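Biologist: I am new to this structure and would like a close look at a single part of it. Could you take me through the place where aromatic rings come together, and then through the helices around it in the chain?

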Amino acid sequence: MATSVSVAGFHKPLYSTFHGGWGTSICGHNSTVLIKSVPEAVRVAKPVRFRPVMKNINEGKGLFAPVVVLARNIIGKKRFNQLRGKAIALHSQVITEFCKSIGADAKQRQGLIRLAKKNGERLGFLA
């Protein structure tokens, strides 16, 4: 059962290649071959989750960054991080004692510690 379709504006009529009913046009006569070619189960890999990278955005920048990098290379990364942790802890204690002496509350103390960290990053101490 061939169907002819003509459209106004075209010199030649357009012909459709549709033969048969909808059942044979969708699956075709070789539907068993089509079904066998499609896998029964498709494995989907888990989506890749990127871990946040704790990295200083100002690494290598700042006035003291070259000195800090040089010291880290000389004494080693592990020992350097131990010394840096001790220095940060001492600095936090100084800030805490200062806040006690002026009567600042814990929220203001925490704000001062955050400010010290930001300044350390800008100056290159955390490079």
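Modeller: Phe125 has a relative accessibility of 40%, so this residue counts as partly exposed. Please keep in mind that the model is predicted. Phe125 belongs to an aromatic pair with Phe64, and the two rings are stacked, with 4.6 Å from centre to centre and 15° between the planes; a search of the whole structure finds one such pair. Phe64, at 33% relative accessibility, likewise counts as partly exposed. The pair links distant parts of the chain, 61 residues apart, since Phe64 sits in the loop between α2 (31–37) and α3 (65–75), while Phe125 lies in the segment after α5.

On the α3 side the contact involves Val68, Ala71, Arg72 and Ile75, which meet Lys77, Arg79, Phe80, Leu83 and Arg84 of α4. By class, this contact of α3 with α4 has five nonpolar and four charged residues, and no polar ones.

Helix α4 (residues 77–102) also packs with α5 (residues 106–123), at an angle of about 145° and with the axes 10 Å apart, and their crossing is right-handed. Here α4 contributes His91, Ser92, Ile95, Thr96, Phe98 and Cys99, while α5 contributes Arg109, Leu112, Ile113 and Ala116. The residues of the contact between α4 and α5 divide into six nonpolar, three polar and one charged. After α5 comes the segment that holds Phe125, the partner of Phe64.

Conventions. Residues numbered from 1 in each chain as written. Predicted model: local features only at pLDDT ≥ 70, side-chain atom pairs only at ≥ 80, totals over all residues. Heavy atoms only, no water. Axes fitted to C-alpha atoms, helices over the stretch in contact; angles between N-to-C directions. Helix = DSSP H or I, 4+ residues; strand = E, 2+ residues; numbered from the N terminus. Left-handed = near helix turned anticlockwise from the far one by under 90°. Contact = heavy atoms within 4.5 Å. Nonpolar A, V, L, I, M, F, W, Y, C, P; charged D, E, K, R; others polar. Phe/Tyr/Trp six-rings, centres within 6.5 Å; stacked < 30°, edge-to-face > 60°. Buried < 20%, exposed > 50% of the residue type's maximum accessible area, 1.4 Å probe, protein only.
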